[in-house]
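Below is a short briefing on one residue and its surroundings, followed by the overall figures for the chain.

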Amino acid sequence: MPQRLTHALLIAFTLLAAALRLVRLGDVPPGLFLDEAGNGLDALDVWAGQVSIFFERSLGKEPLLNYLIVPLVAAVGREPLAVRLPAALVGVLTVPATFLLARELIWEEGRAKATWVGLVAAGLVAASFWATTLNRISFRANTLPLMAALAFTLAWRSLRRGGRERALAAGVVLGLCFYTYIAGRFVYPLALAGLALLAASAEGRSVLRRRRRELAIMAGAAATVMLPLLAYFALHPEDFTRRAGMVAFTAAGDGGLSATARLVESLLGNLGMFGFVGDQEPRHNLSGRSLLTPGLAALFWLGMALALATGWRRPQRLFMAAWFSLLLLPAILAADPPRHALRSIGALPIVYALIALALVELAAWLGRRLQQRPAVYPLAVLGLVALVAVEAALTAHAYFRRWAPDPAVYFAFLGQDRAVAELIKAAPSDVTYVVPLNDRWRELGGKYTLDFLVGRRPDVLYYFPQRSDAAEQLGAVALRPGARGARVARFTVGDDVSADPQGTATLLLAQAAQPTAVEPGQGFLVEVFHLAAAPGASLHLPQADQPVQARFRDREGRSLALVGWGLASSAARTGAHVTSGGLGAAALRWQVEQPPGRLLRASLRLLDSTGRPVGQADSDLVDTRPAYSADWQAGDVATTLHPVQAAPGTPPGIYRLQASVYAADTLQRLSAADEAGLPAEWIELGPVAVGEPLPLAAAYAPPAPLPEPVALTPGLTALGSDPLPASAVAGLPLALALAWEVTDPDAVGPVSLWVGDRDLGPLALPTLPRGRWRTTHRLLLPADVPVGTQRLALRGGEVGQVVVPLGALVVEPMSRPDRPLDFTFANGVVLAGWRMDRAGPGVVVTLFWTADRPVAQEWTVFVHLLDAAGAMVAQHDSPPDGGRFPTSLWPVNTPIPDRHPLAVAELPAGARLRVGLYLPSSGARLPLAAGGDFAEWTVDGPVP
């Protein structure tokens with residue numbers, strides 16, 4: 001082949017390699033893996049004067065690539081491109097190095113043949129998906145193929161042509177292989193294998209005798225170059241073996257396989273990468289994709305067979321087979337996982353050299369068959385160009401269109417870490433970023449991706465909740481002078497998902513700031529806070545120092561005792577635990593009686609004076625170790641932290657805090673016992689002070705707004721309400737939730753509620769500051785209110801001339817029992833009467849309940865219709881009257897009608913009704929005062 005054409009093709013292949021390796025290098029791969037970022041940090045250390053011969057980060061690294069990165073980091077800064085560009089350029093240079101190596105190994109078979117083998121190998125390396133994928137990552141392993149190819153090119157040339165300069169260069173580069181990657185240590189057994197192969201023949205022994213001087217120079221130069229790192233390993237032998245010992249096939253592995261079985265599995269798996277199933281790590285490969293396309297895989301195994309079959313008279317061919325075998329050993333011996341494209345990278349140049357050898361031999365055979373027709377030569381050139389172009393097109397499509405957009409690749413390269421880093425870098429200086437991290441990063445000195453891309457900044461806190469001074473650190477950074485906002489970046493994928501399982505960063509910031517938004521991202525979310533406390537304000541987590549006695553049991557009888565609770569005070573509102581529209585923090589202390597064996601969650605809810613919830617927050621039971629409830633053991637004492645939420649529009653005041661526990665998987669609530677020992681799902685904890693909202697708190701907007709706000713009195717505007725009840729019962733309370741805007745608290749006048757032409761009296765409005773509020777009201781609907789559809793309205797102003805229609809309300813007459821009962825349940829609940837009426841094809845049983853005290857729990861009523869033998873004929877379960885009259889809102893000493901339809905056309909002879917109350921999630925029943933847990937009586941007479 002003409003030399004000019006050879007050079008032109010080699011330049012074209014090198015440019016092709018550059019295009020595949022450099023296009024969008026800063027953004028693809030889509031994140032910055034820890035090892036890449038660690039290389040950047042090492043380079044920054046060197047630039048700062050901390051020169052090292054071996055770098056400790058990432059379990060220890062040889063230094064060659066890091067020193068190549070230094071000038072790029074100095075010029076470009078803390079950018080992914082700075083750490084990836086040297087590795088990519090090394091990958092580009094591997095293309096001409098492969099040409100030189102392959103040509104040198106085949107040189108004695110003829111210059112033309114050697115040139116063809118070199119060009120084919122170089123072109124295929126340039127187009128290789130295997131090489132492209134790894135070369136675009138800042139892995140030090142990328143330096144090994146280049147240095148090994150150059151070292152053995154120079155070594156073989158030195159043996160072939162002699163010369164001190166060549167020998168010295170070969171020795172220097174051979175020594176530098178020790179500084180590339182842990183697999184570079186296998187280069188030296190390969191060198192010995194090459195000498196042994198030469199010594200196996202008389203001609204080879206003659207060469208070795210003639211080149212004794214060159215061999216001595218090579219050995220001396222290599223040893224001299226290796227000496228500094230060898231000296232380091234002599235002083236730190238653990239660094240020489242640490243990484244290899246962690247992944248070797250003799251190390252403990254998953255699956256229960258013996259060391260021998262793991263080694264065999266690894267041998268077959270790594271050999272199988274060349275034509276069958278490839279590396280399944282998305283960071284290294286399109287998961288499972290063979291490292292070679294099918295045609296190249298066949299040529300590779302043909303080339304290996306040729307090398308072994310003809311190597312007895314051509315030691316260079318046996319050397320190629322030995323190279324593949326020895327440089328695949330790092331992947332085979334590591335064994336975990338059993339396929340590893342990165343650890344095999346030292347074999348890359350020779351894999352394509354073997355493919356080239358097979359292809360050139362096939363072409364020569366074809367040429368002989370065609371009797372050396374003139375068209376063969378240009379066809380060969382065109383064929384080579386076409387082959388490389390097709391491989392490059394396949395690589396570009398697989399890499400940029402399939403591999404790079406894969407979410408698994410995004411997460412494998414910590415794309416979420418890079419995205420958070422970019423947000424931090426773009427944030428204004430008066431915004432603090434808090435990033436909760438797994439405690440192991442503190443032990444390692446930081447999380448490399450964030451440390452490299454962001455660095456250490458006064459407005460960024462890498463938050464480790466396990467630190468004893470975590471609260472002080474967060475307060476010092478978030479509440480520094482000049483700070484106006486704070487953001488908590490939480491990872492939702494990866495090692496740091498459970499970095500702050502109790503949400504302490506959120507709970508601490510909520511004491512001093514208003515949460516305003518949660519911004520989702522790919523693999524993370526950002527909680528946004530507007531700071532409201534003074535700089536330097538003290539933040540602290542709540543202590544469970546207030547006693548409480550409650551025992552929660554699941555249906556298997558496993559129990560947890562709640563023995564203490566406590567609240568943290570707001571740092572932004574004196575005297576408050578939580579602000580309206582904000583978050584507070586509560587601590588619960590548990591004594592574990594039987595291991596829960598599952599993940600449990602707690603609900604904390606605030607109730608107003610009418611018993612209506614005004615805020616609820618649910619969170620996992622995870623203690624300060626941290627350990628989730630599934631891992632708690634009998635005898636443990638665990639303290640858990642939980643958010644307390646007051647919904648927007650909650651007026652300032654004192655509210656009741658209740659707690660409940662449920663299983664995370666089934667959502668089934670655990671049963672407890674209240675102070676009287678009765679079944680309960682919600683346990684009363686104590687009072688909570690709600691303060692005025694902080695700046696930027698969400699303004700309350702009613703679910704059912706008025707068409708236009710109406711000023712009812714000076715300083716008070718009606719905005720709307722919650723959805724109105726469709727109906728009400730004369731003689732029973734009417735519950736409403738109304739929305740207001742207060743502009744002048746001192747000018748607010750009386751407001752009354754009207755049903756039709758009946759005034760139900762003035763609303764008891766609390767003292768409301770300026771703002772938008774939601775108030776709840778329970779007004780008794782007089783028993784003599786006309787039944788039918790009535791207009792519900794608000795009236796205000798002088799003599800009520802301002803009227804605000806709210807909507808229509810159907811007033812129903814109070815139903816009366818026609819048969820008395822006297823079943824007294826615990827907690828003062830009495831079943832006082834009943835009636836049965838025909839309803840279509842079935843019947844309706846109406847029960848009449850009273851209670852002589854407030855009922856704390858939400859009970860469900862069951863009604864069973866039994867025949868004379870006790871078999872169930874029909875049943876109906878529901879909260880009282882289908883949920884219209886929940887037990888927790890029953891007025892004291894007021895009959896409550898409770899309808900239950902039964903799908904039965906005729907009553908059986910001797911029919912009986914069985915009625916009781918139970919907690920819907922746990923199934924625990926409310927007992928009768930006289931014993932038992934249900935009332936039962938005979939149904940006398942026909943159905944009306």
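The side chains of H777 and T775 are joined by a polar contact of 2.7 Å (a pair of N or O atoms within 3.5 Å; within protein, one must be able to donate a hydrogen and the other to accept it, and residues adjacent in sequence count only if both atoms are side-chain atoms). The model is predicted: local features need pLDDT of at least 70, side-chain atom pairs count only at pLDDT 80 or more, and totals for chains, interfaces and linings use all residues. Residues are numbered from 1 along each chain as its sequence is written, and side-chain values use heavy atoms, leaving out hydrogens and water.

**Setting of H777**
- H777 lies in strand β23, residues 771-780 (strands are DSSP runs of E with at least two residues, helices runs of H or I with at least four, numbered from the N terminus).
- H777 counts as buried because its relative accessibility is 5% (buried means under 20% relative accessible area, with a 1.4 Å probe and protein chains only).
- Beyond its neighbours within four places in sequence, H777 is in contact with L734, A735, L736, L738, W740, L763, A764 and L765 (contact means heavy atoms within 4.5 Å).

**Whole protein**
- The protein has 23 helices and 33 strands.
- Of its 944 residues, 54% are buried.
- Among contacts with a separation of 6 or more, 72% are between residues 24 or more positions apart.
- The C-alpha trace spans about 120 × 70 × 60 Å along its principal axes.

Notes. Buried means under 20% relative accessible area, exposed over 50%, partly exposed in between (1.4 Å probe, protein chains only).
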